[in-house]
Every structure is written in structure tokens, then in C-alpha cells.
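Me: Please walk me through this structure by way of questions and answers.

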Amino acid sequence: MLELLQICIGGLVVGSIYAAIALGFSLVYRVTGAINLSQGGFAIVAAMIGYSLGVSWGWPLWVAIPSAVAATVGIGMTLGAFTFVPALERLSNANALMLTAGLLTMIEGFALVVWGSQPYAMPPFFGEAPLVFGPIRVPTQAFWVIGATGVCVVTLWLLIAKSRLGKGLRACAENPAAASLMGIDVPRMTLLSFGLATLIAAIAGVTVAPTTSLQFDTGRLFTISGFVAAAIGGIASFPGAIIGGLFLGLATQLTTAYISSLFSTAIALLILLVVLILRPSGLVQAGVGKRQDTRDEKATGHVARLPANLALPLAAAVLAAAALVPFVVSDNGILSGFVIAGILFLTLMGLDVLMGYAGQVSLGQAGFMAIGGYTSGYLSINYEIAPLLAIFAGIGVSLACALVLSVVTLRLRGLYLALATLAFGLLVDSCTVGFLDITGGPSGLVGIPPFSVASVEFATPRSMYYVVLALDVIIFLGLSGAMRSGFGRALKAIRSDQMAAAALGINTVRYKLAAFMISVTLASLSGSIYAFFFNFLSPEMVGTGRSLELVAMLIVGGEGTLVGGLSGALLLTLLPTMFQPLAIYKTFASGALLVASFLYLPQGLYGAVVQIAIRLARPSRATASKETASETSARTL
Amino acid sequence: MNAQPDMSVDTGAVLSVRNLTKSFGGLRAINDVTFGVAPRHVTALIGPNGAGKTTVFNLMTNLLSKDSGQILFLGRDLAGMSAVKIADMGLIRTFQSARVFPSMTAIENVMVGAHRLARHSGVSQTLWLPAARHEEQRVLARAEEMLELVGLARFKDTHATELPMGAQKLLEVVRALMAQPKLLCLDEPAAGLNDTETQELANLLRAIRTLGIAVLIVEHNMSLVMNVADQVVVIDSGAIIASGTPAAIQTNRQVIEAYLGRENDAAS
């Protein structure tokens, strides 16, 4: 009984942190209709700055902690003003969510550069000695955590419900266009909500720091827990955020204590999935209208396309160059970089079908690479199954998991879908780390044989390069056949307007499922090849960090083009390989590039290339293209 | 054509709506509505704002669920069918606010319309099978003809949302036509169109009738309705108050009252 009480107190402490982050989610969602994933990142930045000031520089805590919070809010407001606010005017909510995922990656990368990857432990504000109430011992920090959350809740409630500013914020939430007509500065309100959310996250971060160990990527756990709490409670409701947070805190602490710490993430994600199935709008229904039913696509969703007369010569040139790469590149490390880019391109093509064409955001795609890679690796190590068969077995297992997941995801759109896939990715992460017997745990699965077909072994980077190149070309040709025909059009129609698509007889469920299964098959295939190429697979090679990187590669390259992902993959794989000392900046760069692409290069690198190609071709080919145009129209008639 | 209220429960009707009723809360939005759409006819559903016309459309395609009544399309009850199934049977509708697909060009928008007629699957498209590619070329050729027909050929490669409003509405009608519907339901196709565009729409509607497609049209533009409709059904406050030929409707006292208000409202 006493133990239970002790655990419940622990649960309440953790729960109030979740509640605080959830409050931030709820606030930004209510004002902008978008989800801000970067909050967990700000919590960590605040805690890390607090550590540097308070421990490394020896400032007194009562100066260090508020300074850390202020500095974080400063960083957050600046980032928000230059990224989130301008992006909201242009991007659909699902894309805005990916932008904040980019911000989160960027902040994690920043923390990695500044503080490295080692864990930090902050001293408690009032020392280590707990308060003793009879038999129960409560760490003093617990009061700080619960108190800080309480103050945030009350202040925020007063601000929103009672002040004039709050009225403005609420007006933005319900109808930004009408609000701006009434003289409310919508971008300012957006920035304000972003800043307030950052403030809450920073306060949560510094107060919780002494109770946990901090690492550059702990932020995403705060983000996901906060979101799970918000989703359980009802994303648009403040009381919902608090109830959800406390409930989640108690549930995870009880699971950790009585079952195993391995399952505490799993339980959180399981609760989320159950809530998403049974009551998608959360336990507490809010009076604020949901904006999920509006169209996902904004009018700017144009995709750059090469004219047919340029596409063929350009494709031939690229293919010829690709075939010559192993003869030009002598360094095995850089050639391996090319192979990895080619392997990731397999996943990216699938991801593009899913995201770029069908408009279904996936933040957990690497989870299927993991399932494929670990399945085929495990089978070929322990049962000496031929790699080709093992790959198919991996695809089979991945598809089975995908079918189960799609029971949830097919009911969801936009934000909820993105977060369900993120939750899935994290669930796979905790399995790859946790199931030591199968996956080898954090140190990875070693001794995977090289890829072979019959008795031909592909053990060198050069031979693998051609295997991957062949796979890429075959799959690209096949998918482009489908994407430029009726199948691709049906997916694009669903992405733009589900109801209008259904009214034309397009079975939206079937097509979304097909797109999902294509992406899962390719991710699984690519995960397996990856494992055979490295003869090794570890959780972070196919973890959530990879999922976010894949999204960055796709957006940077240009989505909805199939080929675009290749340039993103090459950029983000080759640059760190070629400039080894810069490798630590990779996470930061992939986040920053993702954000920058959303803002300045909406059609990606590929779009830019297409525009340059068209401009270069125009003066000399003006007559030629006219001829081809009349030729094509003659052929179609 | 006779002018008396035509109950159209005859089996020859493409669509017959029988005793349709729908309430929102305590408000009875649709009250015992019965009408039919005859083959090769343009039937217009008219009425003042808020009369329940779009609600009838949404009940027909099961976007809303009805309280009671029956909707038969080609003799089959539509109860419980999904929007996809209904479209698949050949009942294609457009929306009041032109719902073109914004990320697609005009020609792609029109080509999507052919979806329900496609015989070749994504698999054969993936394998670049000749049959699938021929089908694709046929669809492209037909879509180009369609754009030509409504004078939008020059916008072929323009993104749909960059078209003027009138062109978007025409595009939506053409997209629906690509599906070769057995019944085409148009929800206020002339709203937002200028006079020339309305004229083009009228020509298009007559052309559609000659193709043998039955049309049900909800419309505010009276001159268009009187111009092209064979049969007019007038609905007010959720109930049918008159139906008949355009000529008969124009002189119907109840209809005039519904639009212009009653004289001596207090006395009656």
C-alpha cells in the first residue's frame, strides 16, 4: 500500500510534466490549428542551459534557472518568428506539423553540437534530502515540478479566459480570417502562443531536470509524452491536457513499477492508440470547433514537372553518370555513402507515394525498415536462410504489422495520423532496444551475412552499388508507371479532397491502404538491404531519428516527384561522409534544411533543378518543344 | 408534358425519391418529399434559399442519413450505400463550391473523372502493360475533347485553382461527365458564373441531354432553369409545393408566393 502511494506520487510528478507540455500543445493548437512538436526540444534546451550556467559556470541556481528559461524563450520566439509564423500562412496543418518536427530535429542537433551526446544530471534545487511524511519520502523537487505546473495552469487559464489578449487568442483559434478583419494581429497572436508554449516547456524542462537524466534527444520523449497526454485528454481542451497528463504519468509509473520499464513507453502508446480508436477527439470534448474537416491541401501544393522532351535526355544522363560512379569514386567510404543513399532512396520512393501523392504523413517509416532489417537479419543469422527469402519474410512481417497499424491510421487524417505513425515508430524503437534475444539490444545485431543471390555474393561496396542501382531503377520505373496513370491521379485526388474523390467513385480507403502497403514494402526491403550491406543493424540506424531524417530528405528533395527524394538522400548522406569533422552537425543540418525547404523551396531541390532545366532549354528549344507538343497531341488524337 | 404535380413513381424513372424526410434537431428540413427524374430529361430542383435543395442532394449521396423515405436509383434502393458505391453505379454529383483538385492541372482533374470506368489496375500500370497505356491514352484524348467542348482547352496545363471561378465550375461539370454518369446531379453550377459562362453552361446542359444522360440540377438562376429544364420541381421550407414544365411553374401562384412573399400575409 505504501509502495503504491509512493509510486502514485512519482506518477503525479511525471504526470505534471506531461500535463505542462500537453498544455503547450493545446494552447498552440487552439490558436493556430497546428501541432507544435518542437516543445520537447525547448524543454531540453532550457534544462541544458540551466546545467551549463548553474553547474559548469557555477552561477547560483536562483539566477541560473530563470536565465535559462529566459534564454530559451528568446531562442524560441526568434525561431518561431522566422519559421513557424510565416510557415502557417502557407502550409497545410500536416505540413506545419512536419515543419515543427524539423524544428525539433534542429534543436536536437543544436544540443548535440553544443552539449554532445553524453547524459547530464542536474542537482535538485533544494538538495538531495527528501521530505519525510511518516513512512513516505517525497523528493523536494517534486514540489517544484507540481507547483510550477500548477502556476502555469492557473496563469494560462486567467490569461485565456479573463483577459482581452485571451479573447484575441480565442478569436484566432475559431476563425483567423474573421479575427484579422476585426483588427486582431493574427501573426502576433500566433507568435505569442508559440512563445507561451516555449515558456511552459522551458519551465517544465528546468524543473524536471533534476529528476531525470538529460540527453540531446530526450526532448522527443517529452514531445511524444506531452502529445499522448494531450490526445488522451482532448487536444483542444486545457482541463483535458491536465487530466491526460496526470493519467499518463500514473499509468507509466505503475507499469514501470509492477511490470517492466521496457513496457512503460509501450503502455503510453497503447493507451494513445486505444483512445484514437474509441474517442478520436479525446476524453474531454472542447467547445472549440475542430478544423480537421477543412481541406488539407493549400492551393500552393504545386509539383514541378519536367517537360517530356527534357525528361528523357536528363534521365539518360543521370543514369549514365550513376553507372560510372564506382569508376570515378575510389574511396570506399564515399562509395558506401552512395550505396546508403541508394538504399534510403528505396524507402523514400515509398514514402513519396504515401506522403507526396496520397498525402498521408508518416513520421515512423524507419520502423518498417527496422522490422524488415531485423527480421531478415535474424533469420539469416540463426536459420541461415538465403538473403532473398529473408527479405521476403521481412516484407511479410512488415505488412502484417502495417495491417494492424492501419486499423488505427485509416480512421485518422492529418495531425492525428502523423502522430500515430510517430508513436508507432517509437514503439518499434523500444522493441528493438528491449528484445535483447532477437535484436541484440542497444549494441545491435552482429554477424549478418552479406547479400547474395544463389551462390553469387555481393560483399564489396562496388557490387552492392550495382545491386542497389538496379533495384532503384526497376522500382522507380514501376512506380512512375503507376503514378503517372490512373492510380497516381486517384491518390492525388484523395490528397486534395477526399469527399470529391469519393463522389467520383474513388475508394479512398482502398487507395490509401494500397499506398501505405507500397511504402511499407519498400521500407522493409530497404531495411533488409541495409542490414545485409553493413552486416550489422543497430536501433539508431533505423530509429525515429532516421524517420525524421527520411521526411527531411523527401521534403528537401521535393515530394510528389518520386525522383526528388534521391537528391535529398544524396545531400544528407554524402555531405557528412565527405566532410567527416562536420558529421556532428548532421542532425542540425537535416532539421534546418527541412525547415528552410518548407519556407524557401516548397518544390524541393528537384523543383529548382526542373526550373533551371526549363529556363536553360527555352531559348534554344522553343521551336523544338512546339514541334513535340503538336506531335504528342497528334499521337493522342 | 402535363403540368400537374408529377409523382413519378413509375418504374421508368432514373431516380425516384419517395416520401423523403429529414430533421435537424427539432427543425424538419425535408418533409415528405417525392419526385422523380425521367430518362433523358433535365429536371431542375428550385426554391428559395434554405428551402432544402442541397440537403436533398446530400441525402441522395448518403452524405447525410435520412430519417425516413426511400431513394431509388435505376430501381435500386440507395439506403446504406457508400458515396463510392453510389458513384460507381453511375450517379455522379458536383458540389456547390467548385471542388476541383487544387494540386492537379485542369486536364488531370478531368482525367480523374474517368476513374470509375478504368479497367486496368495499378498493377498493370506499374508493369507498363500496353493495354493499360492504351487506356491511359484514350482517357487523355477524351479529356482533351471535353476541355475543347467547354472552351477550356487553353487551360489544359494550368493548375485548377489558378482558373477563374467560372472555369472551375465548368471544369467540375466536365469532370463529372468524364465518368459517363447515368444521372448527373449539379449543385448550383451557375453560381459565380458570368453571363457568357452561363450561356456556355446552358449549351453544355443541352448537349448532355442529347447524349442521353439524365440531369438533376439545383439552381437559382431562373433564366437558365427556364431555358434548359424539361421538368421543374419547386421546394419551399422542405416540402414540394409544385412541379411541372417551366411554363406551368412560371405561372404557378404558390411558386410566386414562395419567392415573392404572400400578399396580406396576416389575413391568410
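Reply: Helices (H or I, at least four residues) and strands (E, at least two) are DSSP runs, numbered from the N terminus. The model is predicted: local features need pLDDT of at least 70 and side-chain atom pairs count only at pLDDT 80 or more, while totals for chains, interfaces and linings use all residues. Residues are numbered from 1 along each chain as its sequence is written, and chains are lettered from A and ligands numbered from 1 in the order in which they are written.

Me: How many helices and strands are there in chain B?
Reply: Counted as DSSP runs, the elements of chain B are ten helices and ten strands.

Me: What is the average pLDDT of chain A?
Reply: The pLDDT is the predictor's confidence in each residue, from 0 to 100. In chain A, 93% of the residues score at least 70, and the average is 85.

Me: Over which residues of chain A is the pLDDT below 50, with eleven contacts beyond near neighbours in sequence?
Reply: Two residues are in contact if their C-beta atoms, placed from the backbone, lie within 7 Å. A stretch with 28 such contacts, also below 50, is residues 287-300. The stretch with eleven contacts is residues 621-637.

Me: Why does the radius of gyration of chain A agree with a compact globule?
Reply: The radius is taken over C-alpha atoms, and the globule rule is 2.2 Å times the number of residues to the power 0.38. For 637 residues the rule therefore gives a value near 26 Å, which agrees with that of chain A, 25 Å.

Me: What percentage of the residues in chain B count as buried?
Reply: A residue is buried if 20 or more other C-beta atoms lie within 10 Å of its own, exposed if 12 or fewer, and partly exposed in between, with C-beta atoms placed from the backbone. In chain A, buried residues make up 54% of the 637 residues. For the 268 residues of chain B, the figure is 47%.

Me: Which element gives the most to the side of chain B that touches chain A?
Reply: The contact joins 34 residues of chain B to 29 residues of chain A. Elements of chain B that each supply at least two residues include α2 (83-89), β6 (91-93) and α3 (106-112). With six residues, the element that gives the most is α5(B).
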